[in-house]
Amino acid sequence: MERLIELGEKMGLGGEELRKFVSEQQASEREEREREREREREMKRLQLESEERRAKEELEVKRMEMELRIGKEAISEVKAKHVSEARAKLPKIPPFQDGKDELDSYLQRFERIAKINDWPMEQWATALSALLTGKALEVYSRLSDAEAVDYKQLREALLKRYDLTEDGYRLRFRRSKPEPSESPLQFVHRLKNYLSKWMSLSRTANTADAIKDMFIKEQFLNSCAKDLATHLRERVLDSLDEMAVVAERFLTAHNRRFYVMNPQALSGQPVP
């Protein structure tokens, strides 16, 4: 109060005016202190709400993590149950063995048995899962529930895992040799199967012209530099002419010639 009186006197106030000034300043300071206390209460309230909200969010995250873990365990149990039940119902088919069985031949045999036994297509994936081991079983276990019961999706996932692609079948066709217990007729059938798969994955029609173009494309890619061949293989090209045009653009953009002097730089590998 003395501070306010002194301030008022410095302003030239006295008597009633001084008392009024002091009274108004005291009221103003009380209001300011009240506003400051209100701001502090509001800050504490907001801080408390923030801490409560953060605690709830942490609890929600932990709950979701627990539900996800329980869900994954339940899915694994369901898949294991499906595999167990399918094994009990299957005819005597040896399980697929990594390093011993060729996946494409194994799938072909499985599909023939399924057709002969009139299995509904929707049961094929579960039946096949009962025969998988090693890497193949890992592929099945990583599929979603919907994919795990869809034979086409399971088959595609297996083929990708074992690199049974267009180029994979092409190399099998080129590098295959008769196996010790294989007859000439069996070897011919195996080559036909590799060629058929190669044609199918390269979207080659079963016509003389289309097959001719497929072989020309193979030779063309084998004669390219590796980076150019990779560039062409990454694109869906509908004709030899289109492939040549894309190759020309690549060479122009890189200021290079098509001719490759160093054989080691070629895309194609010698066929043993």
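How far apart are the end C-alpha atoms of α10, and what span should its 15 residues have at 1.5 Å a residue? The end C-alpha atoms of α10 are 21 Å apart, which agrees with the 21 Å that 15 residues should span at 1.5 Å a residue. The expected span of a helix is 1.5 Å times one less than its number of residues.

This is a predicted model, in which local features need pLDDT of at least 70 and side-chain atom pairs count only at pLDDT 80 or more, while totals for chains, interfaces and linings use all residues. Residues are numbered from 1 along each chain as its sequence is written, and side-chain values use heavy atoms, with hydrogens and water left out.

**The whole chain**

Helices (H or I, at least four residues) and strands (E, at least two) are DSSP runs, numbered from the N terminus. Of the 272 residues, 27% count as buried; buried means under 20% relative accessible area, exposed over 50%, and partly exposed in between (1.4 Å probe, protein chains only). Among contacts (heavy atoms within 4.5 Å) with a separation of 6 or more, 55% join residues 24 or more positions apart.

**Helix α10**

Next, select α10, residues 208–222. Its buried residues are A210, M214, E218, L221 and N222. These residues cover an arc of only 115° around the axis, which puts them on the same side of α10; the arc is that of the directions from the helix axis to the C-beta atoms. An α-helix has 3.6 residues a turn, so residues three or four places apart point the same way. Display α8, α9, α11 and α12 as well, against which the buried residues of α10 pack. On the face turned away from the buried side, A208 and D209 are exposed.

**The largest pocket**

Now select E166, S202, T204, K217 and L237, which lie nearest the centre of the largest pocket among its 25 lining residues. Elements giving two or more residues to this lining are α8, α9, α10, α11 (226–233) and α12 (240–253). The largest share, six residues, comes from α10. The pocket holds about 640 Å³ of space. On a 1 Å grid over the protein atoms alone, a pocket is an open set of points where a 1.4 Å probe fits, with protein on both sides within 12 Å along at least five of seven lines; lining residues have an atom within 4 Å of a point. Colouring the lining by class gives 11 nonpolar, three polar and 11 charged residues.

**Helix α3**

Move to α3, residues 103–116, whose 14 residues reach 20 Å from first C-alpha to last, close to the 20 Å expected. Select L103, D104, Y106, L107, F110, E111 and A114, the buried residues of α3. Seen down the axis of α3, these fall within an arc of 155°, so they line one face of the helix. What covers them includes α4 (124–129), α7 (151–161), α8 (166–175) and α9 (184–201). R112 and I116 are exposed on the face turned away from the buried side. After α3, stop at D118, whose phi is positive, near 55°.

**The second largest pocket**

Finally, visit the second largest pocket, with a volume of about 410 Å³. Of its 13 lining residues, S105, Q108, E182, Q186 and R190 are the closest to the centre. Both α3 and α9 give two or more residues to this lining. By class, the lining has no nonpolar, six polar and seven charged residues.

Technical notes:
Grid points are joined across faces, edges and corners, and a volume is the space filled by probe spheres set on the points. Ala, Val, Leu, Ile, Met, Phe, Trp, Tyr, Cys and Pro count as nonpolar, Asp, Glu, Lys and Arg as charged, and the others, Gly among them, as polar.
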